[in-house]
Amino acid sequence: VLVKFSDMKYIFLVVLSLVFFFIFFIDDTKAHEMQISKALKEKELLFSTINKTWIFTPRNLAPESQAIVNDWTDWRLFTAELYQKPKGTIGAFQRKTKSLVQKVEVLNNTIPEKINKPQIKTRLVAMITKIKALHTFIHLDQIPEKKVVTLITDLNIELNAFQDQIEEIVRRSHIQKEEGEQAMLNSLHGSLPAVLPVINYA
């Protein structure tokens, strides 16, 4: 059977097209696999960096201060969530920040009366701001590593400053109490006559 030259040319073009298609497909698949591998390595490095930075250690406060935070249920729930380090993936840290936002937002409405001062509210607002910013940046498609690490470090500083503020308020309350007691004693002493009258029982 004779094959016309035009038919041979057509077959040749089809075969050549198939060869180019398969070469392109194989190269594209390899490139895609390399991109996936690169993305996974970047995520692993990012997780490792964040994991090393996420160190929140419970503090032992003075007995009276510790009693206040122990009785503050919402604070205990927040710190328990914060101190428990996420494991495994970046997704774990993303879920952690979402939970922290939910727990920290309620604190402003449940501050114990003894420490319900403007200084505490200011410190609390700063802490809430850091946690919300952390939640925002860690949920981006391209997570800015340096920004997230800085926010975690700043949050640690704010947490310690908040607890320092509690200690300071408790300490000052004792000073004010002592000064008030002294003023009362001075007032009582001032109301007594300088020389008591001598009573003659004879």
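**Entry 1: ground rules**

I noted that this is a predicted model, in which local features need pLDDT of at least 70 and side-chain atom pairs count only at pLDDT 80 or more, while totals for chains, interfaces and linings use all residues. Residues are numbered from 1 along each chain as its sequence is written, and side-chain values use heavy atoms, with hydrogens and water left out.

**Entry 2: the whole chain**

I looked up the secondary structure and found six helices and zero strands. Helices (H or I, at least four residues) and strands (E, at least two) are DSSP runs, numbered from the N terminus. Along the sequence the pattern reads α-α-α-α-α-α.

Next I checked burial, where buried means under 20% relative accessible area, exposed over 50%, and partly exposed in between (1.4 Å probe, protein chains only). The chain has 202 residues, and 26% of them count as buried.

I also looked at contacts, meaning heavy atoms within 4.5 Å. Among the contacts in the chain with a separation of 6 or more, 79% come from residues 24 or more positions apart.

**Entry 3: back to Gln 142**

Is Gln 142 buried or exposed? Gln 142 is exposed, because its relative accessible area is 68%.

**Entry 4: aromatic rings**

A pair of aromatic rings is described by the distance of the centres and the angle of the planes. Rings of Phe, Tyr and Trp (its six-membered ring) pair if their centres lie within 6.5 Å; planes under 30 degrees apart count as stacked, over 60 as edge-to-face and the rest as tilted. By this rule I get seven aromatic pairs.

I wrote down the pair of Trp 72 and Trp 75: the ring centres are 5.6 Å apart and the planes lie at 20 degrees, so the pair is stacked. Trp 72 counts as buried at 3% relative accessibility, and Trp 75 is buried with a relative accessible area of 3%.

Trp 72 also pairs with Phe 162, with centres 6.3 Å apart and planes at 40 degrees, so this pair is tilted. Why does this pair tie together parts that are 90 residues apart in sequence? Trp 72 lies in the loop between helix H2 (63-71) and helix H3 (73-83), and Phe 162 lies in helix H6 (residues 145-191), so the pair ties those parts together. Phe 162 is buried, with a relative accessible area of 0%.

I also noted one aromatic cluster, formed by Phe 47, Trp 54, Phe 56 and Phe 93.

Two packed helices are described by the angle between their axes and the distance between the axes. Axes are lines fitted to C-alpha atoms, for helices over the stretch in contact, and angles run from 0 to 180 degrees between N-to-C directions.

Helix H4 (residues 90-104) packs with helix H5 (residues 118-138) at an angle of about 150 degrees, with the axes 9 Å apart. That makes H4 roughly antiparallel to H5; angles under 35 degrees count as roughly parallel, over 145 as roughly antiparallel, 65 to 115 as roughly perpendicular and the rest as oblique.

H4 contributes Phe 93, Gln 94, Thr 97, Lys 98, Leu 100, Val 101 and Val 104 to the contact, and H5 contributes Ile 128, Ile 131, Lys 132, Leu 134, His 135 and Ile 138.

**Entry 5: H3 against H4**

How do H3 and H4 compare with that description? Their axes come within 9 Å and cross at roughly 165 degrees. H3 and H4 are therefore roughly antiparallel to each other. On the H3 side the contact is made by Leu 77, Phe 78, Glu 81 and Leu 82, and on the H4 side by Lys 96, Ser 99, Leu 100, Lys 103 and Val 104.

**Entry 6: two stops in H6**

Gln 165 is found in helix H6 and counts as buried at 15% relative accessibility. Leaving aside neighbours within four places in sequence, Gln 165 is in contact with Gln 119, Ile 120 and Arg 123.

Thr 150 is found in helix H6 and counts as partly exposed at 41% relative accessibility. Thr 150 and Leu 134 are 16 residues apart in sequence and 9.3 Å apart in space, C-alpha to C-alpha.
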